[in-house]
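I opened my notebook to look a few things up in this structure. Here is what I went through, entry by entry.

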Amino acid sequence: MNIYVLMKKTFDTEEKIQINGGKIDTDGAEFIINPYDEYAIEEAIKVRDEHGGEVTVVTIGDEDSESQLRTALAMGADKAVLINTEDDIEEGDQVTTTRILEAYFEDKEVDLILAGNVAIDEASGQVGPRLAAKLDIPYVTTITSLEIDGDTVKIDKDVEGDVEKVETSLPLLVTCQQGLNEPRYPSLPGIMKAKKKPLEELEIDDLDLDEDDVEAATETVEVFLPPEKEAGKVLEGETDEQVKELISLLKTEAKVL
Amino acid sequence: MGKYLVISEVRDGELRNVSFENIAAARQIDENSEVVAAVLGDGDLESLGQELIQYGADRAVVVQHENLKNYTSDGYVQAAMAVIEQEDPDGIVMGHTSEGKDLSPRIASKLDSGLISDVTEIEGSGDDVKFIRPIYSGKAFEKKVITNGKTFITIRPNNIAPLEKDESRSGDVQKVEVDVQNLRTVIKEVIRKASEGVDLSEANIIVAGGRGVKSAEGFDPLYELADVLGGAVGASRGAADAGYCDYSLQIGQTGKVVTPDLYIAVGISGAIQHLAGMSNSKVIVAINKDPEANIFNVADYGIVGDLFDVVPALTEEIKALKG
Ligand SMILES: Cc1cc2nc3c(=O)[nH]c(=O)nc-3n(C[C@H](O)[C@H](O)[C@H](O)COP(=O)(O)OP(=O)(O)OC[C@H]3O[C@@H](n4cnc5c(N)ncnc54)[C@H](O)[C@@H]3O)c2cc1C
Ligand SMILES: Cc1cc2nc3c(=O)[nH]c(=O)nc-3n(C[C@H](O)[C@H](O)[C@H](O)COP(=O)(O)OP(=O)(O)OC[C@H]3O[C@@H](n4cnc5c(N)ncnc54)[C@H](O)[C@@H]3O)c2cc1C
């Protein structure tokens, strides 16, 4: 089976956000594999182990993305592809990302593509469905279980907490939700092996694209931090006094009751 | 004069709130525009069309088909594209819900259009309109504009207030015939877990429990409090991981993002990943026995104490208040 994972690197979830020159400051920030993409990698490896085939992890990023790709290889993916746009593209959005991925997949035989539900930084959740639409394959978003039997695929889909039992077929794109699996940690032998696994680096030129082909349709004009919250009020006294005061504050000051 | 299409959402035969918020959003983008509300589904949709008009739409179009009974991307995209082709709107607004998140990128892809997802605020209007959305799980915000194609956005539920309902408003509700076929994904069954009671993402009041609740039964007092408040119960991942509640209740970076008017965090320490899902709530109350807990740094009001004393006392007091 030809299994592909779409992976984005994101800020570590512990990272504080700072703005510098109107942009999010990435200097010194720790990057990780987008947590939802970890579920995708784990699931891809499981599917391969059960049905055979090959897992290829694809990312659009920069030189530093190699680190997350190596981690994916150490987890057990077979091949990695870095589409490095650092020198070619200044501004982009989900249209840009999808156009590049579409070009990459144009000549590929695909059985299954796994993406994350959202990337936790920009979190639009657009890339998976947009790509599936371009490749004209069905997709199911926010999956929490995946079972493949021949060409038939049985899926549990999370719908705001409800579960839909979905049936569909390959080729297919899914986006992975928390609860799908427990991503493994790379093992030491895995890390050693990863160093020798193939990591292909491409530029948009290799995909017959130039900057104009991937022009964004939206633009970010400002980035800002939420207003600092003033320290809240910690209520004093015995429980029943605290409770009475809280209710009175919620009624008169906060006006939410 | 521009034209905006708002794509509504139906659950259990009723319009979800965000459908009304869509209309308000479209009006905010362009006050003088014509707002056309679309309803896709099965059953009697015409009355829903009228309701949307009472909430400020100028007219409504409905696509009714048995293959639209359950939401599927293949089915709904056929219906939505038929309406979009008929109306050729300048802009489209949908809810950033499970359904909207699934459908909007596909429509955008078909239209080769930009899409600004998960908008929480609209600034300015007309040609100067900018859309504000949280990024990095609410740790920052970005202001975006559309530079090419339709003004296409999805809005986060509970952030843009709907217009006042006006029962005297009426307008045209038109049926659009679409033969919805060739669904490549089929919904075999829907298992309801979350939607009993109040919907978490649309709830005005949320009582959320953490590991401090200590057991599944420990959630009972929280349910009682939520009940008297007319709210919903949520949870931290700590509580979900410990098996005290279902993952469907989880709020945070890898769970739901909520913005209720009132968020009561009970026995939750306030990890950054939890804050990511609730820090934009309008008023936050923290109940925790540890005065140093990080949750107090984002709370408007805090009670340091044992949740098993405080929560039942709150419930009683509110019951007394409501008579
Ligand atoms: C060349 C380029 C230039 C850009 N320039 C800017 C800029 O100037 N300003 C700005 O704010 N943003 C820029 N971006 C980022 C872009 O706006 C989005 O972050 C990106 O399109 C992903 O959207 P998202 O974060 O909403 O991901 P989502 O749609 O939420 O991601 C869902 C899933 O899609 C997959 N995915 C997402 N991104 C990638 C990726 N890069 N590679 C592989 N798979 C992926 C992952 O599986 C992910 O879990 C640029 C992106 C590219 C590729
Ligand atoms: C990638 C990633 C994603 C994550 N995503 C999420 C997410 O989406 N949502 C999320 O919530 N977490 C998430 N987490 C986990 C997060 O880091 C925390 O571990 C989690 O939020 C802790 O849950 P908690 O506050 O319930 O538990 P704890 O941190 O254990 O806190 C329990 C609190 O209860 C208090 N307490 C105990 N007994 C009582 C009592 N009797 N009365 C009053 N107070 C009491 C304690 O003082 C303590 O503050 C994520 C972590 C990672 C790494």
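This is a predicted model: local features need pLDDT of at least 70, side-chain atom pairs count only at pLDDT 80 or more; totals for chains, interfaces and linings use all residues.

**Cysteines**

I began with A:C176 and asked: is A:C176 buried or exposed? A:C176 counts as buried, because its relative accessible area is 0% and the cut-off for buried is under 20%.

Next I checked B:C245. Its relative accessible area is 14%, which is still under 20%, so B:C245 goes down as buried too.

I also looked for disulfides. Over all chains, I noted 0 of them.

**Ligand 1**

I moved on to the first ligand. How many residues surround ligand 1? I got 28, and the closest are A:L6, A:K8, A:D37, A:T97 and A:S124.

I sorted that shell by class and wrote down 10 nonpolar, 11 polar and 7 charged residues.

Then I wanted to know which parts of chain A supply the shell. β6(A) gives the largest share, with 3 residues.

For A:Q94, a polar side-chain atom is 2.9 Å from an oxygen of the ligand. With A:E90 the backbone is involved: one of its N or O atoms is 3.5 Å from a ligand oxygen.

How much of ligand 1 does the protein bury? Ligand 1 exposes 920 Å² when taken alone, and the protein buries 89% of that. I also listed the elements that put two or more residues into the shell: β6 (54–61), α3 (94–105) and β8 (112–116), which belong to chain A.

**Ligand 2**

Which chains do the residues around ligand 2 come from? They come from chains A and B, so I marked this site as shared between chains.

B:S269 has a polar side-chain atom 2.6 Å from an oxygen of ligand 2. B:Q250 has a polar side-chain atom 2.8 Å from a ligand 2 oxygen. B:G255 makes its approach with a backbone N or O atom, 3.4 Å from an oxygen of ligand 2. As for cover, ligand 2 has 990 Å² of accessible area on its own, and the protein covers 80% of it.

**The annotated stretch of chain A**

**B:I206**

My last stop was B:I206. Where is B:I206 placed? I found B:I206 in strand β14 of chain B, which covers residues 205–209. B:I206 has a relative accessible area of 0%, so I noted it as buried. I also compared B:I206 with B:N159: they are 47 residues apart in sequence, and their C-alpha atoms are 15 Å apart in space.

Note on methods: Residues are numbered from 1 along each chain as its sequence is written. Chains are lettered from A and ligands numbered from 1 in the order in which they are written. Side-chain values use heavy atoms; hydrogens and water are left out. A disulfide is a pair of cysteine sulfur atoms within 2.5 Å. Buried means under 20% relative accessible area, exposed over 50%, partly exposed in between (1.4 Å probe, protein chains only). A residue is near a molecule or strand if one of its heavy atoms lies within 4 Å of it. A polar contact is a pair of N or O atoms within 3.5 Å; within protein, one must be able to donate a hydrogen and the other to accept it, and residues adjacent in sequence count only if both atoms are side-chain atoms. Accessible areas come from the Shrake-Rupley method with a 1.4 Å probe; for residues, only the protein chains shown count as cover. Helices (H or I, at least four residues) and strands (E, at least two) are DSSP runs, numbered from the N terminus. Ala, Val, Leu, Ile, Met, Phe, Trp, Tyr, Cys and Pro count as nonpolar, Asp, Glu, Lys and Arg as charged, and the others, Gly among them, as polar.
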